[in-house]
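Have a look at the picture first, and then we'll go through it step by step.

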Amino acid sequence: MYIEDGSTDDSVLLLSFLDKAGQPVGRMASAPLRGADQRRWIDAQASGTAPPGTASVRVSLYSSAWNLMTGYVDAVSLQQTRRG
């Protein structure tokens, strides 16, 4: 991700799990991005378990209304893990 400017104090990398109709069925956020390097590309990770009914995942940066920032996400990859 690339943080162009602003405060990352309340920012997170957010996974939104969507059903076939594009409606949310769950969310999972990474640890806060407080203090993330700015004006250079950095690696960030978020992980979670997709709830039943998930058809797709949206990856986005989230910042609160009082700590706005401008950032970009590129080269996203998803990994599926199987248990047991």
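This is a predicted model: local features need pLDDT of at least 70, side-chain atom pairs count only at pLDDT 80 or more; totals for chains, interfaces and linings use all residues.

A residue counts as buried at under 20% relative accessible area, exposed at over 50%, and partly exposed in between, with a 1.4 Å probe and protein chains only. Residues are numbered from 1 along each chain as its sequence is written, and side-chain values use heavy atoms, with hydrogens and water left out.

Now for the overall layout. The chain has 0 helices and 5 strands (these are DSSP runs numbered from the N terminus: H or I of at least four residues for helices, E of at least two for strands). Reading from the N terminus, you get β-β-β-β-β. Along the principal axes, the C-alpha atoms fill a box of roughly 40 × 25 × 20 Å.

How do the parts of the chain meet? Take a contact to be heavy atoms within 4.5 Å. Among the contacts with a separation of 6 or more, 71% are between residues 24 or more positions apart.

Let's zoom in on Ser11, which sits in the loop between β1 (2-6) and β2 (12-18). Is Ser11 buried or exposed? Its relative accessible area is 0%, so Ser11 is buried. Leaving out residues up to four places away in sequence, Ser11 touches Pro32, Leu33, Tyr62, Ser63 and Met69.

One of those partners, Tyr62, belongs to strand β4. Tyr62 has a relative accessible area of 44%, so it is partly exposed. As for Arg40, it is 22 residues from Tyr62 in sequence and 18 Å away in space, C-alpha to C-alpha.

Finally, look for the largest pocket. On a 1 Å grid over the protein atoms alone, a pocket is an open set of points where a 1.4 Å probe fits, with protein on both sides within 12 Å along at least five of seven lines; lining residues have an atom within 4 Å of a point. The largest pocket holds about 980 Å³ of space. It is lined by 27 residues, and Ala46, Ser47, Ser77, Leu78 and Gln79 are the closest to its centre. β2 gives the most to this lining, with 3 residues.

Note on methods: Grid points are joined across faces, edges and corners, and a volume is the space filled by probe spheres set on the points.
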